[in-house]
Structures are given as C-alpha cells and as structure tokens.
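Welcome! Have a look at the sequence and the model below, and then we can walk through them together.

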Amino acid sequence: MNAPAANLPPVSARQPVVALVGNPNAGKTSLFNALTGSRQKVGNYPGVTVERKAGRLALPDGRVAELVDLPGTYSLTPRSPDEAVTRDAIFGRMVGEKRLDAIVAVVDATNLRNHLRFVLELKALGLPLIVALNMVDLAARDGIQIDSARLADLLGLPVVETVAVRRKGLDALGAALSARIGDAPLTPPEERGSDVRALQKQARQLAATVETSVGSAKAWSQRIDRVALHPVVGPLLLALVLFFMFQAVFSWAEAPMGWIESGVAALQAELAATLPQGWFLSLLNDGVLAGVGAVVVFLPQILILFLFILTLEQTGYMTRAAFLMDRLMARVGLNGRAFIPLLSSFACAVPGIMATRTIDSPRDRLTTILIAPLMTCSARLPVYAVVIGAFIPARDVGPFGLQGLVLFALYLAGILGALVAAFALRRTVTKGAAPPFLMEMPKYQLPALRDVMLGLYGRVTAFLQRAGTIILASTIVLWAMASWPQPPVGGTKPPIEYSLAGKIGAALEPIFAPIGFNKEIAIALVPGMAAREVAVSALGTVYALNDVSEDNAGSLIERLRGAWPLPTALAFLAWFVFAPQCISTLAITRRETASWRWPIFMFSYLFAAAYVAAGLTFHIASALL
Amino acid sequence: MTFFASHRPIDALAVGEIALIAAIDRAGLDPATAQRLCELGFDEGVDVEIVHRAPFGGDPLAVRVGNMVVALRREMARLIEVEAA
C-alpha cells in the first residue's frame with residue numbers, strides 16, 4: 001500500500017466522501033455498522049422520504065472520511081425512490097449529498113455472479129472503486145472457494161475479503177481506501193446506459209473463473225426453507241411466530257409500561273405539590289406530561305416489536321413471511337411486501353407507515369399507508385379495555401372468555417376492514433397497474449447483535465422525535481381548547497363543558513346522535529383527536545371524575561355502565577376499530593406522502609368508515625337487544 | 001410463445017426439477033421489469049429450478065436461479081421458457 005504522508009494530517013481540510021454501494025442483502029449495512037460503530041447520523045434527503053445514513057471513518061493515513069451507506073440497489077437503473085437516490089448520489093446530482101471520492105462496492109461472496117455484474121457497471125464509471133468481498137465465511141460454509149487475488153487481477157480493482165458481522169478485513173479495507181483517495185475533488189461521472197445482459201454474461205464468466213465449488217451451495221438455507229415454506233407447516237410456523245411476537249409485545253411490555261405511567265404520575269404529583277394551582281401547573285401536568293407520557297408509554301411495546309422485526313429481517317425470515325402472505329395480499333391488490341409495515345402497525349401506525357419505504361411501487365406504498373391505521377394499534381387497547389370491562393360480562397363461552405373473544409373480534413374487524421379498504425382503494429384512488437412482484441429471498445443468517453441494536457436505536461429515536469414533537473404540540477393545543485374558556489363562578493356542569501372543546505363537542509352532538517353517541521362522547525372525541533387513548537381520560541373529565549388513570553379506571557367503568565345503553569357502548573367500540581383520531585398518524589402520512597392531500601383523505605375515509613360501522617352497530621344492536 | 005416443442009414455461013417444472021432457461025418473453029414485460037429480471041440473474045442458458053410453491057394455490061413461486069432464490073408470481077413465470085438441462 002502506498003500511503004504517503006502516513007500519520008500526518010492532510011494538507012487540505014477537505015473531508016473525503018466514500019459511499020457504500022451494493023445489492024440489497026450484500027451485507028452493506030452490517031459493513032457500515034462495523035466501520036462506523038455508533039458514530040453514525042441518520043437523516044433524510046431533502047424532498048424525498050429516503051433515509052441518509054452517514055458516519056465517520058478514520059483512515060489509516062490520518063484522514064477522516066465521511067462514509068455514506070447508499071440504499072441497496074441491483075443496478076444504476078432505479079426501480080424505486082431509494083434506488084434513484086443511489087444513482088443520483090453516484091452521478092453527483094443528489095441534493096443533500098456531496099460528490100463522491102471513492103466507492104466501496106459490497107459484494108456477497110455467496111452470490112458472486114449477480115453481484116459482480118453491478119461491480120462491472122460501477123467500474124465503467126471510472127471513480128476510485130474498491131470491492132469488499134463480503135461474507136466470505138458463508139461462502140466457505142456453502143462450499144464455495146474464491147480466488148480473490150485472481151478476481152482483483154481480472155477486474156483490475158482492489159478486492160478486500162471481509163466478514164462484516166465479525167469485523168474481519170476492516171483494516172485492509174481502510175488501507176485500500178487510503179491508497180485510492182486523492183486530495184483533489186473528482187468530477188462526477190457521466191451517465192451512460194449499460195448493456196445489462198452483456199455485463200451479466202461477463203460476470204458469470206468471471207465468477208466461473210475465480211470460484212471453485214467444493215460442495216453443494218446454499219444447503220442450509222434450502223433445508224430451513226423446506227420447513228419454513230412448506231405448504232402446511234410454513235403458514236403454521238408463521239402463525240406461531242406472530243402469536244409469540246404479540247404475546248411478547250403485550251406481556252413483556254406490561255411492567256415497563258407500568259413504570260413509565262407511575263413515573264409520569266409521580267412527576268405530576270411532585271409538580272402539583274410544588275407549584276401553585278393554576279393554568280401553568282395544568283399546562284405542565286395535563287398538557288405536557290400527559291401528552292408526552294401518552295407517547296412514551298408505548299415505547300416498551302415498540303421496542304419489543306422492533307426487536308422481533310429487526311431480528312426476523314436479519315435472519316432472512318421476513319422475506320419468507322412476505323412470500324407466504326403474497327397470495328392473500330394479491331387478492332386485495334397489494335403484494336407480500338406490504339405485510340411487514342402492516343405488522344408493525346399493530347404496535348403503532350407511525351413506525352408502520354415509516355416502514356412502507358421498502359415497497360417499490362408508489363401505488364402499493366400509498367395504499368399500505370392508507371390502511372395502516374386500521375391495524376389495531378396499542379393506543380386502542382385502553383379504550384377497548386374500559387368499554388369491554390364496563391359492558392361485556394366476564395363469563396365463559398366454551399373454553400374462551402367472552403371479553404377476550406370480543407377483543408379478538410375487534411382485532412379481526414380491523415384486519416378485515418383493512419383488506420376491504422385496500423381492495424376498494426386499489427380500484428379507485430390508487431388505481432393502476434403495480435410493477436410485478438419480484439423479490440430476492442436471501443439466505444438465512446444468524447442475526448448480529450450490533451446490527452439489531454443500531455437498527456433499534458435508529459427506529460426508536462425516529463419514533464420519539466417525529467411522534468414526540470407532533471404529539472407534544474397538539475396536546476398543548478388541545479389542552480388549551482379543553483381548558484378555556486374557564487367555567488363561570490357557580491357553574492354546575494363539569495368545567496370541560498364550558499371550554500372551547502366542550503362547545504365544539506356540543507356542536508358536533510347532532511352529527512353523532514344518529515349513531516347513538518351522546519353529548520359526553522362527542523365532547524370526549526375532541527381532545528381525543530390527539531391520540532385515541534386520550535378519549536379515556538377525556539371521558540373521565542366529562543363525567544366529572546378527576547384524573548382518571550389506570551388506578552381509578554374502575555370508577556369510570558361504573559360510571560359508564562350507568563350512563564350508556566349497551567348499543568351505544570358497542571357502537572363506541574365499532575367506532576374505535578376505524579377511528580381516525582391520531583394526529584401523529586396524520587402528520588407522518590403528510591410527511592411520507594409529501595402532501596396534505598393524503599392525510600386529509602385518510603381522515604375523511606376513516607371517519608366515514610367509523611361513522612357507518614358505529615351507526616350500523618348501534619341500530620342492529622338496538623333492534624336485537 | 002413456444003418456439004420449440006421441447007420448451008415449456010418455468011411454471012410447468014416440478015419442484016426440484018432442474019432446467020435451463022431457453023427464452024424470456026421480454027416483450028411481455030415492461031422494460032424496467034425485464035431489466036430487473038436480468039439483474040436478478042434470469043438469462044438464457046442459466047440453470048433454474050422451482051424450489052417452492054406458496055401455499056393456497058401455488059402462487060408465488062420461489063425459483064432458484066444460479067445461486068439466488070427469487071420469488072415471482074406465476075403470471076411472470078409463464079414468460080420464462082425452459083428446456084431440459
């Protein structure tokens with residue numbers, strides 16, 4: 001390696017930019033994590049909803065490069081917005097990305113011939129290029145020997161063997177980069193079309209020359225797939241995995257959620273004891289703490305859900321789940337890829353909608369975003385718990401509890417509603433042909449703890465930032481609406497009825513009366529706009545109970561029993577299957593679709609569906625009971 | 001579009017039966033999809049095998065092409081013709 005000026009700081013302070021480029025499933029993100037560790041920054045490219053991941057990479061010659069993890073793509077001909085970012089960054093015309101000084105092409109050693117084709121395409125650009133021959137350990141496991149020196153000769157490029165998950169080959173990669181990165185900025189290459197089939201043929205020949213097969217390839221993955229994709233066992237296994245996941249999400253999260261709730265309550269009590277009574281205390285306790293608490297309380301569930309999803313993604317099982325679910329999704333005009341975002345939406349629609357970025361068809365992606373709020377998120381559970389507790393008798397039906405069955409039916413209603421909505425949307429507002437379903441099914445791998453943890457950290461901070469800021473602002477606004485104007489001296493009704501929210505609720509009453517909702521419900525739905533579970537505490541306020549939380553939910557249950565006829569209670573449950581109230585979901589939809597049109601559409605269609613469902617439930621129940 | 005009697009669509013292969021790609025009806029695909037198919041390794045002369053058919057009607061298919069497994073629907077699989085290896 002020629003490393004001039006070794007250990008000396010570079011003359012210019014210019015920070016070189018190095019991009020990791022490669023096929024999906026080449027282990028690019030693992031390599032990025034191994035090279036940058038926790039020194040990474042996740043942001044967004046301006047104007048598009050594609051993540052920009054960058055980190056600092058210290059080179060052995062003392063320079064510090066910026067390492068950018070460009071979205072995985074099969075070629076420089078993009079098929080999705082992510083892939084377009086990679087192409088534009090390489091050609092130096094991506095807004096928000098600097099010009100590149102070198103490219104590291106990450107190649108999966110077990111899939112040389114397909115990945116080499118992309119290397120050949122990149123080589124033609126003329127930028128400094130280094131090949132990271134990744135996962136050489138898995139190639140050895142699969143019985144493939146690769147002569148990397150010969151490959152380097154034939155390609156005319158430096159080839160470094162790496163095992164990203166075990167941090168092997170990182171120093172050699174750094175040394176190769178040092179040698180190839182000059183001090184002067186480079187002119188971006190010109191875009192010229194390439195003949196894919198010719199390159200593919202060349203890559204196959206190249207791979208055949210440097211590879212020696214000493215066993216049957218992919219034996220392990222095929223063996224696992226014989227079970228995971230078995231026509232009978234496969235779906236059962238998937239159901240079992242999902243069942244276990246939901247059990248874990250709800251049971252493991254129970255304790256930490258309790259701690260967060262009592263922590264927030266303790267903080268509120270502390271503030272109430274130290275600050276004088278008045279609007280400022282109310283702002284802090286009922287606005288800020290109640291609002292932020294309402295979001296943070298779901299953090300344990302989201303952490304556990306993403307722990308499962310990221311681990312399953314890393315092992316390669318998620319694409320098998322998408323494969324198994326494709327048929328069902330196809331019936332409503334979607335494809336298997338929509339399965340993972342919808343799964344995430346059971347914890348919270350916000351991370352679910354963010355996860356739709358992996359769907360390559362814009363129409364499929366939009367449809368998935370629009371139906372994501374129909375998956376029963378955990379914010380509906382407090383509402384369901386209170387109403388079921390109040391109105392559904394705790395008796396057994398066969399081996400099952402009636403209350404549990406009703407809860408299950410509500411989940412099922414959400415899923416069916418989503419399927420019907422997708423079916424209708426794909427024939428109307430998101431009409432049009434979707435690109436055919438083509439999905440690489442990567443080999444199985446053991447998940448790497450570092451990659452799962454860094455992924456978890458990224459998702460959680462994104463959730464807290466995006467949902468936290470929005471919900472904080474909106475709860476403060478709704479708090480103000482529910483607090484002002486204040487009740488007149490000697491007012492006998494609950495204070496909320498005198499407030500702006502109360503007046504809006506009262507004005508809305510005639511709209512809700514036909515579906516069996518009384519004035520109290522209409523008023524509670526107004527502050528409940530911020531987040532669905534806020535409706536519970538709002539009901540508490542309306543029914544003149546002070547501070548309804550888990551501890552005195554019992555008293556709210558008693559109160560509701562006396563105040564609502566059964567058909568109203570059932571209609572209220574039906575409303576919440578579709579309920580459009582969640583400012584965070586609407587805000588993230590606006591962000592991900594880059595227009596107000598779709599959140600407004602989402603709110604309107606969910607409102608209409610909730611209204612019809614609640615109305616039907618109310619009238620059918622009134623007629624039957 | 002079967003040119004030769006010995007050609008059949010990939011869809012007609014039994015699970016585990018290895019064959020060579022004889023022809024791809026690229027005209028039946030939009031250009032971007034035809035290119036992606038090629039990028040995933042589907043090309044004349046490459047060995048393929050159906051490794052799995054999904055439950056509930058055998059759609060989609062998991063096809064091994066070279067060292068890679070790719071899921072695609074039967075509707076597209078019909079455009080890929082194979083001959084005996």
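## Terms and numbering

Two strands pair if DSSP finds at least two bridges between them. Helices (H or I, at least four residues) and strands (E, at least two) are DSSP runs, numbered from the N terminus.

This is a predicted model, in which local features need pLDDT of at least 70 and side-chain atom pairs count only at pLDDT 80 or more, while totals for chains, interfaces and linings use all residues. Residues are numbered from 1 along each chain as its sequence is written, and chains are lettered from A and ligands numbered from 1 in the order in which they are written.

## A sheet in chain A

Chain A has an open sheet of 7 strands with mixed pairing, in the order E2-E3-E4-E1-E5-E6-E8. Strands E2 (40-44) and E8 (159-162) of chain A each have a single partner strand, so one side of each is left without a neighbour in the sheet. On average, neighbouring strands here are turned by 25° against each other, direction ignored (axes are lines fitted to C-alpha atoms, and angles run from 0 to 180 degrees between N-to-C directions).

Within this sheet, strands E5 (residues 102-108) and E6 (residues 129-134) of chain A run parallel and are joined by 6 bridges. A:Val104 has A:Ile130 in E6(A) as its bridge partner.

## Where the chains meet

In chain A, 31 residues are in contact with 28 residues of chain B, meaning that their C-beta atoms, placed from the backbone, lie within 7 Å. Among the elements of chain A that give two or more residues to this side are helix H9 (233-274) and strand E12 (438-441).

E12(A) also pairs with strand E5 (residues 68-72) of chain B, in the antiparallel sense, over 4 bridges. There, A:Met439 has B:Ala71 as its bridge partner.

Terms used
Contact = placed C-beta atoms within 7 Å.
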